[in-house]
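I set out to record what I looked up in this model, entry by entry. The entries follow the order in which I consulted the structure.

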Amino acid sequence: MSASLKLLRIDVPDEDRYNYVDVPTHFDIVKDRISVGRATTSDIVLDSKSVPMSVSRTHLLVVKTKAKGTKHNQFTLEVCGRNEDHVKLNGERVEGSGPVVLSSGDVINLCEYVYEFQQRAPKRGRPKSEIAEKRNKPRQKVTRAIKEFKWKVGQEVEVLALEIGFRGGWFPAVVLSAGAKKMQVEYTQFIKDDQQGEPLREWVPYTYMCSVWLL
């Protein structure tokens, strides 16, 4: 079985979200042990911007072992040091220093970061009839950006620019559509370079966006 950690959200105000553009949003667990903390040697490097130093150098570990009596892997969560106050599993404080077995779908709160543990079973073949039935069904996309950050098509947002000459600036735009990791926006102040005067549209990572600030 393979496993990963997926970033669900970062519990900070919209005006502070620009500090978190480099946060890992998805991490595949390929080693027998991964570390999470602010140390640069950690497998997942996180640092708390809202409460400095609240993320320890090595805050927690995710360890892969063999489940007893099976050939399958299991993963456990281990809180390092005295960090229990800053780690929750499915909303509950992790008590004690011993490892806790993780299940797919478990939600891990580490300070302001909220990750979901995902574990996938090995792929197995399916009957052709089932595959054909699935292909014939209309696909419904519920994207992370719309679902978790509650942005809607047509909503006004601000986008962080990284281009030379504009880097660090926030520019107004309108949400047009969404993908799995990016959203399509239309800028209200920029036009295309084709001299036709049409508004500029592009796909941007949802971490580069925030709601329009209240003035």
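**Entry 1: a hairpin and its neighbours**

I began with β13 and β14, which a hairpin joins through three residues. The model is a predicted one, in which I required pLDDT of at least 70 for local features and 80 or more for side-chain atom pairs, while totals for chains, interfaces and linings use all residues. Residues are numbered from 1 along each chain as its sequence is written, and side-chain values use heavy atoms, with hydrogens and water left out. Helices (H or I, at least four residues) and strands (E, at least two) are DSSP runs numbered from the N terminus, and I call two strands paired if DSSP finds at least two bridges between them.

Strand β13 covers residues 170-178 and runs antiparallel to β14, with five bridges between them. Across this pairing I found Ala178 opposite Met183 in β14. I then followed β14 to β15, which is also antiparallel to it, and noted six bridges. There Gln184 has Trp203 in β15 as its bridge partner.

**Entry 2: the largest pocket**

Which elements give two or more residues to the lining of the largest pocket? I listed β12 (156-160), β14 (182-191) and β15 (199-205). The largest share, five residues, comes from β15. In total 15 residues line the pocket, and Ala161, Glu163, Tyr187, Leu200 and Glu202 lie nearest its centre.

For the term, I used a 1 Å grid over the protein atoms alone: a pocket is an open set of points where a 1.4 Å probe fits, with protein on both sides within 12 Å along at least five of seven lines, and lining residues have an atom within 4 Å of a point. The volume is about 270 Å³, taken as the space filled by probe spheres set on the points, which are joined across faces, edges and corners.

By class I counted 13 nonpolar, no polar and two charged residues in the lining. Here Ala, Val, Leu, Ile, Met, Phe, Trp, Tyr, Cys and Pro are nonpolar, Asp, Glu, Lys and Arg are charged, and the others, Gly among them, are polar.

**Entry 3: an open sheet**

I traced an open sheet of five strands in the order β4-β3-β5-β6-β9, with mixed pairing. Its edge strands, β4 (44-45) and β9 (100-101), each pair on one side only.

Strand β3 (residues 33-37) runs parallel to β4, joined by two bridges, and Gly37 stands opposite Val45 in β4. With β5, β3 is antiparallel through four bridges; Arg33 has Val63 in β5 as its bridge partner.

Strand β5 (residues 60-66) has five of its seven residues buried, that is, under 20% relative accessible area with a 1.4 Å probe, protein chains only. Seven bridges join β5 to the antiparallel β6 (residues 73-79), where Leu77 is the bridge partner of Val62. Six residues separate the two strands in their hairpin, and Gly69 there takes a positive phi near 80°.

**Entry 4: the chain and its confidence**

I counted two helices and 16 strands in the protein chain. Of its 215 residues, 39% count as buried. Taking contact as heavy atoms within 4.5 Å, I noted that among contacts between residues at least 6 apart in sequence, 46% join residues at least 24 apart.

Where is confidence lowest, and where highest? On pLDDT, the predictor's confidence in each residue from 0 to 100, helix α2 (residues 144-149) is lowest at a mean of 48, and β3 is highest at 92. Over residues 138-147 the pLDDT is below 50, and this stretch has 19 contacts in the model beyond near neighbours in sequence. The chain mean is 79, with 79% of residues reaching 70 or more.

Conventions: Buried < 20%, exposed > 50% of the residue type's maximum accessible area, 1.4 Å probe, protein only.
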